[in-house]
Amino acid sequence: MTSATQRLPRLLALVPYLLSRPGIPIADAAADFGVTEQQLRKDLELLWMCGLPGYGPGDLIDLSFESDSITVTYDAGMRRPLRLTASEATALLVALRALADTPGIADTDAVQRALAKVENAVGQARPAGVVVGLEGREGAVRPGVRSAVQDATTRRRALRMRYYTASRDEISERTVDPMRLLLIDGRSYLEAWCRSAAGVRMFRLDRIDDVEVLAEAAQPPSEAEPTDVSEGLFRPAPDQLVAEVELEPDARWVAEYYPVDELVELPQGRARVRMRYSDRSWMTRLLLGLGGQARVLSPDELACDVRQRAKDALTRARHLPST
């Protein structure tokens with residue numbers, strides 16, 4: 001099975017490769033990419049289904065691969081110089097920076113060159129009311145963390161770090177043996193052997209509070225196997241509960257910071273999400289922390305917990321001395 005991290009670089013390279021080789025036999029293209037003809041056909045079908053909102057096939061890229069050869073019949077203007085607004089260029093910069101961290105990208109120099117060109121084109125433009133970047137309210141990697149983790153992974157050095165575990169709402173000290181860096185759904189993860197947990201764990205870089213590269217070598221044990229992320233990082237557990245929550249615009253960061261099963265857009269920028277959780281007290285604390293920016297639709301037990309905890313807090317507040 002081809003993993004997502006193996007497939008993404010190939011999909012990115014396929015269109016320019018095919019544009020320079022019109023009518024190339026499928027067998028030759030598959031050999032050049034080191035995959036089977038069946039896998040290449042699956043890649044081509046995925047490219048063909050890349051469309052504009054509404055997901056109509058052929059809206060962006062149209063391919064002919066019914067016979068034993070491949071031809072790009074519509075390239076969505078990839079041969080023309082690209083013209084971007086300032087906000088589009090800024091969004092592209094964010095995507096390119098994330099792409100530069102994607103494991104398996106063969107030509108990282110090309111990504112860096114593209115970054116330099118777009119940055120030069122953007123210049124000092126700062127469109128009013130538009131903020132696009134990686135340093136949002138949630139999800140920002142602390143300065144020095146990414147470079148330290150990359151250095152330890154490359155040089156195979158152990159790491160000591162302070163890590164925030166969102167599901168338990170706690171910070172712990174850990175020493176880990178790095179195995180690899182991953183980019184999944186736009187977030188950077190360190191996969192490592194955690195010595196305190198005695199197992200392989202995924203650590204989100206934006207949840208690392210502090211990190212130190214140690215002098216000792218990283219030595220994951222023989223049983224430390226890489227996690228199969230080809231079908232996504234999070235696999236629902238059968239005993240997990242599911243909450244349906246309506247989020248106001250200022251609370252939408254919850255759907256970006258925590259994994260959700262479903263997100264439905266609502267009027268006025270609101271959203272309805274389905275979230276899995278194992279600890280009801282943790283979920284209650286999360287929702288209380290959102291104040292009036294979230295409403296529990298189900299289950300009833302969770303909604304009752306949130307209401308009762310809120311009432312208890314108000315009762316205690318009435319007995320506090322006034323200032």
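These legends describe close-up views of a predicted model.

**View 1**

**View 1. Strand 4 beside strand 8.**
Strand 4 and strand 8 pair over 6 bridges in the antiparallel sense. R162 stands opposite D210, a residue of strand 8.

**View 2. The aromatic pair Y163 and F203****.**
The structure holds 1 aromatic pair. The ring centres of Y163 and F203 are 5.0 Å apart and the ring planes stand at 85 degrees, so the pair is edge-to-face. The pair links distant parts of the chain, with Y163 in strand 4 (residues 157–165) and F203 in strand 7 (residues 199–204), 40 residues apart. Y163 has a relative accessible area of 7% and is buried. F203 is also buried, at 1% relative accessibility.

**View 3. The largest nonpolar core.**
The largest nonpolar core has 23 residues. Those with the most contacts inside this core are Y258, M283, L287 and L302. At least two residues of the core come from each of strand 9 (241–247), helix 7 (253–257), strand 11 (271–277), helix 8 (280–289) and helix 9 (300–318). In soluble globular proteins, nonpolar side chains tend to be buried together.

**View 4. The surroundings of L287****.**
Leaving aside residues up to four places away in sequence, L287 touches V245, A294, V296, L302 and V306. L302 is, like L287, among the residues with the most contacts inside the largest nonpolar core.

**View 5. The second core.**
A second, separate core has 16 residues. Among them are A152, L159, L205 and V211.

**View 6. Two cysteines, C194 and C304****.**
Which of these cysteines is buried, and which is partly exposed? C194 is buried, since its relative accessible area is 0%. C304 counts as partly exposed, at 41% relative accessibility. The structure holds 0 disulfides. A disulfide is a covalent bond between the sulfur atoms of two cysteines.

Note on methods
Residues numbered from 1 in each chain as written. Predicted model: local features only at pLDDT ≥ 70, side-chain atom pairs only at ≥ 80, totals over all residues. Heavy atoms only, no water. Disulfide = S-S within 2.5 Å. Buried < 20%, exposed > 50% of the residue type's maximum accessible area, 1.4 Å probe, protein only. Phe/Tyr/Trp six-rings, centres within 6.5 Å; stacked < 30°, edge-to-face > 60°. Helix = DSSP H or I, 4+ residues; strand = E, 2+ residues; numbered from the N terminus. Core = buried A, V, L, I, M, F, W, Y, C linked by side-chain atoms within 4.5 Å. Contact = heavy atoms within 4.5 Å. Pairing = 2+ DSSP bridges.
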